[in-house]
Amino acid sequence: MQFHPSYAYEDFVQGIRPRIGDGQVGFDLKDGPLVRAADQARKKPEAKHFLVIDEINRGNLAKVFGELYFLLEYRDQKIWLQYSDREFSLPENLYIIGTMNTADRSIALVDLALRRRFSFVGFDTREEPIKGLLRRWLSTNAPGMEWVADVVDRANKELDDRHAAVGPSHFMKEGLTEDRAKRIWKHDVLPYIEERLYGAREDLGRFDFDTLHSGERGGNAEEQDDANAGAEDGGEGVASG
């Protein structure tokens, strides 16, 4: 399932929904995906069940989860749901996985109350298992196109922002050719980079596909490397975290 700004507790857990029958409008209590997943997990306690929430940070999490903040932490406890006349609990064999993109600056990440109830696993293009993933995929599925991984690596080095790195999935396409790789770069990757460089369009030239392919670098990047080298040799430098 996927969260979005209009998603609410009534969609995720349980709520009153309209029903039309015999020309009459009525209302029924409907279980959301969380309650249905919990019921299924309870019926098969020997199996692990997973509820995967894409874009989890796009919803108003405090509103969507409600009293489930308590149940996420205390699986052995039961509580009354807002719309139900029965007690409810989350079975131990139900795992909730949420995915989120930290590059999305238009929304908050995750509030602390929910954050401490989840374990976090990062997917950084500079670290395994994402590091080298595109090269391995190309080696198996598009032999001879491994150089595309170099283009992506050089672009990410220029971006120098782990939250804004270009991911491998853009180019994990069957039948990838050089022409198709250029089209993907022009219409998918470059507009994204341009968005990240808003207000600094003069730097966009550093992300030209052919330039990155050849391994050449723009003057700005070379000047930055010289400055970094000077700092390492004893010059003044500034570190940010």
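Strands are DSSP runs of E of at least two residues, numbered from the N terminus. In this predicted model, strand 3 covers residues 49-53, and H49 belongs to it.

H49 has a relative accessible area of 16%. Buried means under 20%, so H49 is classed as buried. Leaving aside residues up to four places away in sequence, H49 touches Q40, A41, K44, N93, L94 and Y95. K44 also takes part in a polar contact with H49: the side chain of H49 reaches the backbone oxygen of K44 at 3.4 Å.

Strand 1 (14-21) and strand 2 (24-31) each contribute at least two residues to the patch. Strand 2 gives the largest share, with three residues.

The protein has a mean pLDDT of 85, and 86% of its residues reach 70 or more. Strand 3, which includes H49, has the highest confidence, at 97. The lowest is in helix 10 (residues 219-232), where the mean is 42. The pLDDT is below 50 over residues 218-241, and this stretch has ten contacts in the model beyond near neighbours in sequence. Where pLDDT is low, predicted coordinates should not be read in detail.

Technical notes: Residues numbered from 1 in each chain as written. Predicted model: local features only at pLDDT ≥ 70, side-chain atom pairs only at ≥ 80, totals over all residues. Heavy atoms only, no water. Helix = DSSP H or I, 4+ residues; strand = E, 2+ residues; numbered from the N terminus. Buried < 20%, exposed > 50% of the residue type's maximum accessible area, 1.4 Å probe, protein only. Polar contact = N/O pair within 3.5 Å; in protein donor to acceptor, adjacent residues only side chain to side chain. Contact = heavy atoms within 4.5 Å. pLDDT = per-residue confidence, 0-100.
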